[in-house]
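Please examine the sequence and the structure below. The explanation turns to the ligand site and then to one helix.

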Amino acid sequence: MTDNIMPTYSRLPIGFVKGNGSWLTDDKGDKYLDCLSGIAVCGVGHANKKVAQAIADQANKLVHTSNLYQVPIQEQLADKLCALSGMDNVFFANSGAEANEAAIKIARKYAHDNNIDKPAIIVSENSFHGRTLATLSATGNRKIQAGFEPLVSGFIRVAYNDVEAVKKAISANKNIVAILVEPVQGEGGVNIPKPQYLNDLREICDQNRLLLMLDEIQTGMGRTGKMFAFEHNNIKPDVFTLAKSMANGVPIGACLARGEAAKVLKAGNHGSTFGGNPLACRAALATIEEIENNNLDIKAKAAGLNLLNGFKDKLAGQSKISDIRGLGLMLGIEFKEDCPNLVSKALEHKLLINVTASKVVRLLPPLTITEDEQNLMLEKLTSIILAYIGN
Ligand code: PLP
């Protein structure tokens with residue numbers, strides 16, 4: 001391994017050279033079942049043929065022109081995303097953190113336009129919104145913030161899934177203009193709030209003229225069994241963000257807005273050189289087409305239920321496991337104590353998993369995962385876990 005890359009990641013001692021659907025192949029030709037899909041990125045499977053063709057075709061036509069000009073494919077993608085989500089417009093970025101930066105800027109400018117000079121945004125404990133200065137300040141994880149102070153001000157933190165805490169914060173602070181929240185916390189440990197949570201937040205935002213801003217960077221694009229997780233609640237946010245699986249691995253992010261929030265940013269208020277370039281937008285359009293043509297949101301729901309029930313069944317009564325939960329293909333198996341070596345144990349068995357929040361096995365397989373692959377994952381991971389906890 002070279003020393004010429006900044007050591008910002010603790011990487012596992014393996015690298016992959018090709019992929020196919022739910023499988024990755026290393027340089028020795030060994031195949032691994034990918035239960036993580038690049039952390040919820042390759043939703044329509046590795047080396048998806050339709051997406052690959054779209055990328056190749058676009059690369060041969062036009063990769064980039066800049067936002068100094070109209071970008072027809074960007075317009076096509078914006079129209080598609082707005083039609084799918086019921087939002088009014090989109091700002092295109094290149095990553096999740098950048099998409100959230102756009103959302104935070106919308107909230108702040110919305111405030112200033114309404115004569116609130118020191119706007120504050122409610123955020124949650126255990127949240128994750130990215131690694132730029134504003135998004136790490138919004139993130140509810142001290143480890144991610146430590147060493148980067150002074151943090152960006154204007155974030156008020158409350159417990160996740162606690163509506164009373166939100167109400168209390170609002171009554172204590174007249175400068176609150178928005179709530180930024182993940183529909184399901186991903187990095188924080190696959191934390192699924194009570195079913196009414198987003199509905200309650202919507203109502204609170206309506207009553208107090210606040211913007212409801214959902215970070216759908218991990219939950220979006222079919223992952224939870226709906227194209228967007230807020231569809232489970234039959235509500236619409238004022239702003240929501242996407243990235244990760246939007247273009248199956250080609251970097252892109254999006255901040256979508258509706259109503260008043262959609263009117264906030266004007267020419268010169270925000271920008272990005274690469275944001276919404278033809279290559280990324282074409283890949284995103286092809287990815288969305290794959291999700292729609294193959295009903296991958298519906299398939300994710302069925303596959304997720306199969307896996308959830310399977311793990312609950314196979315790991316029933318294990319005293320070292322405190323919870324097994326999931327929404328669509330976002331699954332968590334929580335241990336009572338930290339399980340630091342489980343990822344490398346799984347790797348030895350050619351299974352790619354992740355542990356987040358120190359003790360939650362997080363599973364985010366491609367939405368295309370077949371029934372055979374689901375069963376293989378169930379069998380392999382169960383036996384790895386049982387061996388790990390000494391059964
Ligand atoms: N928001 C959520 C919910 C995420 O899960 C992530 C990444 O894990 C981000 C934001 C940041 O996205 P990116 O790494 O593309 O900046």
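The model is predicted: local features need pLDDT of at least 70, side-chain atom pairs count only at pLDDT 80 or more, and totals for chains, interfaces and linings use all residues. Residues are numbered from 1 along each chain as its sequence is written, and side-chain values use heavy atoms, with hydrogens and water left out.

The ligand is surrounded by 13 residues, each having a heavy atom within 4 Å of it. The closest are Gly96, Ala97, Asp215, Gln218 and Lys244. By class, this shell holds three nonpolar, six polar (Gly counts here) and four charged (Asp, Glu, Lys and Arg) residues. Helix H4 (residues 96-113) gives the most to the shell, with three residues; helices are DSSP runs (H or I) of at least four residues, and strands (E) of at least two, numbered from the N terminus.

A polar backbone atom of Ala97 is 2.8 Å from an oxygen atom of the ligand. An N or O atom in the side chain of Asp215 lies 2.7 Å from a ligand nitrogen atom, and a polar side-chain atom of Gln218 is 2.7 Å from a ligand oxygen atom. The protein covers 81% of the 390 Å² of accessible area (Shrake-Rupley method, 1.4 Å probe) that the ligand has on its own.

In helix H3 (residues 72-85), Ile73, Gln74, Leu77, Ala78, Leu81, Cys82 and Ser85 are buried, that is, under 20% relative accessible area (1.4 Å probe, protein chains only). An α-helix has 3.6 residues a turn, so residues three or four places apart point the same way. The buried residues of H3 pack against (heavy atoms within 4.5 Å) helices H2 and H9 and strands E4, E9 and E10. Gly86, whose phi is positive, near 80 degrees, follows H3.

Definitions and conventions: Polar contact = N/O pair within 3.5 Å; in protein donor to acceptor, adjacent residues only side chain to side chain. Buried < 20%, exposed > 50% of the residue type's maximum accessible area, 1.4 Å probe, protein only.
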